[in-house]
Each structure stands twice: as C-alpha cells, then as structure tokens.
Amino acid sequence: MTNEEIYLKLKEVLVESFMIEESAIRPEANLYTDLDFDSIDAIDLAAKIHLVTGKQLKPEQFKNVRTVNDAVEAVAELLRS
C-alpha cells in the first residue's frame, strides 16, 4: 500500500468507526486535540489497523502517533516489516 492508500483507508476508518467528520480529517490533524481522541480511541484505532493490515502495532510504534500523518507513517512502517 502507498501512503496515499493508507491515508484513504485510515480516513474511511475514522469516519465509519469513530464518526469523525470527513472534512476534519487532514494529515496534520491532531488525533487528540483536533479529533477528540482519548486513550481508548487510540487502542481501538490500533485494533482497526490490525484488522485491515493483519499485523499488530506494538505499543512503542503507536506511542508517538499524534497526527493522522503519524498514523499513516506507523502503518507504512508496519507494512514494510
């Protein structure tokens, strides 16, 4: 998957599973301050990523994820490994 494909899939998950307005989802959007994520949402997102990729994100891979673009990069790294 390219970063663009990952971004589009992540956007789809955020809209469908977290009921976030599509217009609010931008690469630079902060998951916590802009999209009202909390720690439970972060865990749920990691689980959704696992369902989509078949690979488990390790906590250390997700702890520095703050923006949508950070999440895209984390998934891209996961897919490369």
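## Helix α4

In this predicted model, α4 has 13 residues. The helix reaches 19 Å from its first C-alpha to its last. That is close to the 18 Å expected at 1.5 Å a residue.

The buried residues of α4 are Val68, Ala71, Val72, Ala74, Val75, Ala76 and Leu78. Their cover includes α1, α2 and α3.

## Helix α2

α2 holds 15 residues, which should span 21 Å at 1.5 Å a residue. Its end C-alpha atoms are 21 Å apart, so the span agrees.

Which residues of α2 are buried? They are Asp41, Ala42, Leu45, Ala46, Ile49 and Thr53. Seen down the axis of α2, the buried residues fall within an arc of 145°, so they line one face of the helix. An α-helix has 3.6 residues a turn, so residues three or four places apart point the same way. The buried residues of α2 pack against α1, α3 (59-62) and α4 (68-80). The face turned away from the buried side carries exposed Ile40, Ile43 and Leu51.

## The cavity

Rolling a probe the size of a water molecule over the atoms shows where empty space is left. The count is one cavity of 30 Å³ or more. The largest cavity holds about 100 Å³ of space.

By class, that is seven nonpolar, one polar and two charged.

## The pocket

About 150 Å³ of space lies in the largest pocket. Its lining is made up of Tyr32, Ala42, Ile43, Ala46, Ala47, Gln56, Leu57, Lys58, Pro59, Phe62, Lys63 and Arg66. These residues divide into eight nonpolar, one polar and three charged.

Which element gives the most to the lining of the largest pocket? It is α2, with four residues. α2 and α3 each supply at least two.

## The loop between α1 and α2

Most residues other than glycine have a negative phi, and most peptide bonds are trans. Two residues in this loop call for a check of phi. Met19 lies in the loop between α1 and α2. Its phi is near 50°, a positive value in a residue other than glycine. Is Met19 buried or exposed? Its relative accessibility is 73%, so Met19 counts as exposed.

Asp36 sits in the loop between α1 and α2. Its phi is positive, about 60°, although Asp36 is not a glycine. At 62% relative accessibility, Asp36 counts as exposed, the cut-off being over 50%. Leaving aside neighbours within four places in sequence, Asp36 is in contact with Leu31 and Asp41. Asp36 and Ser23 are 13 residues apart along the chain, and their C-alpha atoms are separated by 14 Å.

Glu21 has its place in the loop between α1 and α2. Its relative accessibility is 61%, so Glu21 counts as exposed. Glu21 and Lys11 are 10 residues apart in sequence. From C-alpha to C-alpha they are 9.7 Å apart in space.

## The loop between α3 and α4

Thr67 is found in the loop between α3 and α4. Is this residue buried or exposed? Thr67 has a relative accessible area of 17%, and buried means under 20%, so Thr67 is buried.

What does Thr67 touch, not counting residues up to four places away in sequence? The list is Pro27, Glu28, Ala29, Asn30 and Leu31. Leu31, one of these, is also in contact with Asp36.

Key: Residues are numbered from 1 along each chain as its sequence is written. This is a predicted model: local features need pLDDT of at least 70, side-chain atom pairs count only at pLDDT 80 or more; totals for chains, interfaces and linings use all residues. Side-chain values use heavy atoms; hydrogens and water are left out. On a 1 Å grid over the protein atoms alone, a cavity is a set of points where a 1.4 Å probe fits but cannot get out, and a pocket is an open set with protein on both sides within 12 Å along at least five of seven lines; lining residues have an atom within 4 Å of a point. Grid points are joined across faces, edges and corners, and a volume is the space filled by probe spheres set on the points. Ala, Val, Leu, Ile, Met, Phe, Trp, Tyr, Cys and Pro count as nonpolar, Asp, Glu, Lys and Arg as charged, and the others, Gly among them, as polar. The expected span of a helix is 1.5 Å times one less than its number of residues. Buried means under 20% relative accessible area, exposed over 50%, partly exposed in between (1.4 Å probe, protein chains only). The arc is that of the directions from the helix axis to the C-beta atoms. Contact means heavy atoms within 4.5 Å.
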